[in-house]
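Student: I am new to this structure, and I would like to go through its aromatic residues and its core with you.

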Amino acid sequence: MAERASSLVQLDGDRARPYPAVARQPRYPDIEERVLAFWQEDGTFQASVEEHPPETEFVFYDGPPFANGRIHYGHLLTGFVKDAVPRYQTMRGHRVERVFGWDCHGLPAEMPAEKDLGLSGRQAIIEYGVDRFNAYCRDLVQQTTDSWVATVTRQARWVDFDHSYRTMDLTFTESVIWAFKQLHEKGLTYEGYRVLPYCWECETPLSAMETRIDDSYRDRTDPAVTVLFDLLPPPPGDEVDSLLEGPLRLAVWTTTPWTLPSNLAMAVGPELDYAVVGHRGGDGSNARILLGTARLAEYAAELGAEPVVLGTVKGSALVGRRYRPLFPYFEATPNAFQVLGGGFVTTDEGTGIVHLAPGFGEDDQTACEAAGIPVVVPVDDQGCFTSEVSGYAG
């Protein structure tokens, strides 16, 4: 051990340093810049691609960033991950071409443009001139590209900027339309409805995926209402639970009261328990009200601390029963105004009976579509009721 120690001391001297060209206190940014400069002069990245023949190709799909914003930590973090995969596949003997791209469309470009131009909403853009507005957006999304190139290069990510694409380029948009045409001609496309988040100020749907990824939701307190629907008598000859015979009102809960004019069905949990409660109204009238057994305590103010429970049934006993529409606007809708079974129904909140408006909820649309109930959307692009809902039009 003593000999080893003296040997180390000797190595620490200037004459015996094993790597005399390495500074005792290196400036790491200088080293980075020298490496980057060498890669640039040597064409290292291009060589790593070209030395592998086309038949060894590995395709790496990279979602492009929006060009109107400056690069931030999140971009850098994912950039390192995106760089690791092509490098690894290159070392595995694959040809990995990776061309950088820019996402130039949609609200990330349009909203800053509206702010700069003092515009608000679709009508204001139309009056300003769509061509002029688009031209401004085109200029806007190119203002930060130089800083992106510099920073991505500095982080040592290998990508081809010389042949970069932009989603606003005619060649790109035409290629997308061409691809869609091929799918259409093969019978792989269809037309239908899908429920998405919507911005009535921007008058456009929003990306459901992006709103979830970006955690763009915020907690807020909204009014909820409990509405009583009259259950209609069953068709003659149908066997029903005796508890469900005679006048009965279904207590239905919703956090979106503005969708009630579009109500076309309601959903219960087939395996959930529902209680029929006797209730005496303030005017002295008697009624029987049905709601989830687990929710009785939440309605103590309306039904009493010890409600008169006349009996319970499973939700499956209600599936298929018809009820009287709350509003007359869509009375002629085929297959509508029936009770459906839904696995998404719980008794964690509300009444255990869910109001369904297929034009305004994902579960609503799926359940109603399976029952052959069409979609109705009686609102315009600004979220205002149309003439279909005559009592509230505008």
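Student: Is F100 buried or exposed, and what is its relative accessible area?

Tutor: This is a predicted model, in which local features need pLDDT of at least 70 and side-chain atom pairs count only at pLDDT 80 or more, while totals for chains, interfaces and linings use all residues. Residues are numbered from 1 along each chain as its sequence is written, and side-chain values use heavy atoms, with hydrogens and water left out. Buried means under 20% relative accessible area, exposed over 50%, and partly exposed in between (1.4 Å probe, protein chains only). F100 is therefore buried, with a relative accessible area of 2%.

Student: Why does the pair of F100 and F161 count as tilted?

Tutor: Rings of Phe, Tyr and Trp (its six-membered ring) pair if their centres lie within 6.5 Å, and planes under 30 degrees apart count as stacked, over 60 as edge-to-face and the rest as tilted. The ring centres of F100 and F161 are 4.8 Å apart with the planes at 45°, so the pair is tilted.

Student: Which residues form one aromatic cluster with F100?

Tutor: F161, the partner of F100 in the tilted pair, is itself buried at 17% relative accessibility. F100 and F161 belong to one aromatic cluster, which also holds W102 and W148.

Student: Over the ring of which residue does the charged end of R87 sit?

Tutor: A charge sits over a ring if NZ of Lys or CZ of Arg is within 6 Å of the ring centre and within 35 degrees of the ring normal. The charged end of R87 lies 4.0 Å from the centre of the ring that it sits over, which belongs to W158.
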